[in-house]
Amino acid sequence: VFDVRSLPNPYYIDGLREQTGRDEDVRRYLAAQPEAGEMLADIETFIRRRLPKLQQESRSYVTIAIGCTGGQHRSVYIAEQLGKQLAEEYQTLVFHRQLSQ
């Protein structure tokens, strides 16, 4: 479980409150925040260092949770980006508990 509440919150930006981390405006906003890129890189590095050992131990799946207040902007953005990056090498499924899929 990774807590991304330390990232700037698009909820407080006019025009972004009603959007989600899947929307282009929110993605652009968060992609422009250096700390969002740093956190994404940190999480990806952490996961990639541990996945090979889990594969060796025949683990059939790994659950990675990303959380923030509200579950609409920051966690959605980070989960979507992480899912895309890991999908280059692993089978991934990204699910957002707070959003209608």
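A charge is said to sit over a ring if NZ of Lys or CZ of Arg is within 6 Å of the ring centre and within 35 degrees of the ring normal. In this structure, R50 lies over the face of F46, at 4.0 Å from the ring centre, and R17 lies over the face of Y11, again with 4.0 Å to the ring centre.

The model is predicted, so local features need a pLDDT of at least 70 and side-chain atom pairs count only at pLDDT 80 or more, while totals for chains, interfaces and linings use all residues. Residues are numbered from 1 along each chain as its sequence is written, and side-chain values use heavy atoms, with hydrogens and water left out. The pLDDT, which is the predictor's confidence in each residue on a scale from 0 to 100, averages 94 over the protein, and 99% of the residues score at least 70.

**Aromatic pairs**

Rings of Phe, Tyr and Trp (its six-membered ring) pair if their centres lie within 6.5 Å, and planes under 30 degrees apart count as stacked, over 60 as edge-to-face and the rest as tilted. A search of the whole structure finds two such pairs, which are set out below.

| Pair | Centre to centre | Angle between planes | Arrangement |
|---|---|---|---|
| F2 and F46 | 5.6 Å | 80 degrees | edge-to-face |
| Y11 and Y12 | 5.2 Å | 85 degrees | edge-to-face |

The pair of F2 and F46 links distant parts of the chain, since F2 belongs to strand β1 (residues 2-3) and F46 to helix α2 (residues 34-56), 44 residues apart. Helices (H or I, at least four residues) and strands (E, at least two) are DSSP runs, numbered from the N terminus. With a relative accessible area of 38%, F46 is partly exposed, where buried means under 20%, exposed over 50% and partly exposed in between (1.4 Å probe, protein chains only). In the other pair, Y11 is partly exposed at 34%, whereas Y12 is exposed at 64%.

**The nonpolar core**

A nonpolar core is a set of buried Ala, Val, Leu, Ile, Met, Phe, Trp, Tyr and Cys residues joined through side-chain atoms within 4.5 Å. The largest one has 20 residues, of which V4, I43, I66 and I78 touch the most other members. Two or more residues come from each of α1 (24-31), α2 and α3 (74-87), and α2 gives the largest share, six residues. Leaving aside neighbours within four places in sequence, V4 is in contact (heavy atoms within 4.5 Å) with residues including M39, I43, I66 and I78.

**Salt bridges**

The structure holds nine salt bridges, each being a side-chain nitrogen of Lys or Arg within 4 Å of a carboxyl oxygen of Asp or Glu. One of them joins R22 and E80, whose closest N and O atoms are 3.3 Å apart; this pair links the loop between β1 and α1, where R22 lies, to helix α3, where E80 lies, 58 residues apart. R22 is partly exposed at 31% relative accessibility, while E80 is buried at 18%. E44 and R48, by contrast, both lie in helix α2, four residues apart, about one turn of the helix, and their closest N and O atoms are 2.7 Å apart. Here E44 counts as buried at 17% and R48 as partly exposed at 25%.
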